[in-house]
Amino acid sequence: MSSTEPPSASPANVLPKVAAVKVADGERLRSVHLPGVTLTVRSRPPAREGLTPALYVHGLGGSSQNWSALMPLLDGVVDNEALDLPGFGDSPPPDDGDYSITGHARAVIRYLDASGRGPVHLFGNSLGGAVTTRVAAARPDLVRTLTLVSPALPEIRVQRSAVPTGLLAVPGVAALFTRLTREWTAEQRVRGVTALCYGDPGRVSEEGFRNAVEEMERRLQLPYFWDAMARSARGIVNAYTLGGQHALWRQAERVLAPTLLVYGGRDQLVGYRMAQRAARAFRDSRLLTLPDAGHVAMMEYPETVATAFRELLADTAKPAADERTDGVLGDETADQTTGG
């Protein structure tokens with residue numbers, strides 16, 4: 001892994017000159033060049049040495065900025081990093097154009113393998129929830145705990161409000177939508193996204209709204225923006241149709257890591273009714289339901305989500321501590337149990 005060498009000259013890695021990505025106080029960005037993909041990673045300096053690492057994965061149309069409200073609240077608990085999936089945020093498209101759930105999961109795994117940070121506390125929202133579920137099922141050695149905020153797992157009856165997003169997966173629809181909305185301002189687009197993703201759009205501060213408008217203006221200048229959106233939406237739809245061992249619900253059942261599930265009662269994209277199914281599917285899970293939250297609870301109610309994660313962490317540490325106190329486990333076995 002290298003963060004200093006220039007990326008290859010392939011078209012997928014050539015970015016147009018656009019405005020810089022917003023970086024909050026205490027954050028830094030770096031580019032990580034891996035085989036076939038370049039990822040932008042947003043991080044915060046750990047409060048002290050020895051903290052276990054955490055990695056955050058955003059949803060469709062989002063970026064690592066979606067975690068900027070939650071990460072500072074966990075500074076003293078974990079070593080925070082959030083990545084931009086290929087084609088989103090400040091990460092260029094993948095060389096092979098693969099925006100499937102598996103393709104995104106492969107990018108996450110490549111980063112974790114190359115960085116040597118695993119096992120991590122893995123967080124995922126929406127699309128990122130499906131991606132991290134696949135990562136946790138395929139590579140349990142890389143995951144200490146799993147926190148899923150409104151994960152995009154298959155639903156039999158999709159909410160009407162989620163249909164327009166799903167339609168992006170239909171070939172030609174993204175191009176049509178681009179033409180039809182050519183005159184929309186970045187502010188209008190952000191208001192639409194906020195109304196769709198937040199349980200209460202009024203919770204967005206004026207500064208947060210301005211930052212979102214600036215980011216939307218930046219993204220609209222990227223020639224691959226709608227292609228990444230459409231192909232990733234298609235990846236979600238395709239993943240919903242997979243059966244057998246590759247089915248997302250089947251993979252949820254294979255996840256070994258302790259799992260925190262967060263669902264919003266006003267979520268217009270992922271059905272609130274799916275919370276109980278998810279709680280049954282993930283074998284070692286706990287459920288946090290927020291009746292007033294929408295699709296991005298970690299942005300609307302970051303303090304509540306942070307508290308729930310701290311409780312997950314405390315509870316998962318207790319068995320290992322109890323076993324060591326009782327003298328049942330030797331040091332070597334205890335390290336394997338806690339991922340040390």
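A salt bridge is a side-chain nitrogen of Lys or Arg within 4 Å of a carboxyl oxygen of Asp or Glu. Keep that in mind for Asp 84, which is buried yet has no salt bridge. Welcome to this structure, which is a predicted model.

**Asp 84**
- You can find Asp 84 in strand S4, which covers residues 78-84.
- The nearest side chain of opposite charge belongs to Arg 42, and it is 5.3 Å away.
- Leaving aside neighbours within four places in sequence, Asp 84 has contacts that include Leu 39, Thr 40, His 58 and Asp 90.

**Helix H7**
- Helix H7 takes in 17 residues, 225-241.
- At 1.5 Å a residue, H7 should span 24 Å, and its end C-alpha atoms are 25 Å apart, which agrees.
- Buried residues of H7 include Phe 225, Trp 226, Met 229, Ser 232, Ile 236 and Ala 239.

**Nonpolar cores**
- The largest nonpolar core has 52 residues, and Val 108, Tyr 111 and Phe 282 touch the most other members.
- Another core, of 29 residues, lies apart from it and has Val 77, Leu 288, Met 298 and Tyr 301 among its members.
- In soluble globular proteins, nonpolar side chains tend to be buried together.

**Thr 289**
- Thr 289 is partly exposed, as its relative accessible area is 34%.
- Not counting residues up to four places away in sequence, Thr 289 touches Tyr 263, Tyr 272 and Ala 275.
- From Thr 289 to Leu 261 there are 28 residues in sequence and 8.2 Å in space, C-alpha to C-alpha.

Key. Residues are numbered from 1 along each chain as its sequence is written. This is a predicted model: local features need pLDDT of at least 70, side-chain atom pairs count only at pLDDT 80 or more; totals for chains, interfaces and linings use all residues. Side-chain values use heavy atoms; hydrogens and water are left out. Helices (H or I, at least four residues) and strands (E, at least two) are DSSP runs, numbered from the N terminus. The expected span of a helix is 1.5 Å times one less than its number of residues. Buried means under 20% relative accessible area, exposed over 50%, partly exposed in between (1.4 Å probe, protein chains only). Lys and Arg count as positive and Asp and Glu as negative; His and the chain ends are not counted. Contact means heavy atoms within 4.5 Å. A nonpolar core is a set of buried Ala, Val, Leu, Ile, Met, Phe, Trp, Tyr and Cys residues joined through side-chain atoms within 4.5 Å.
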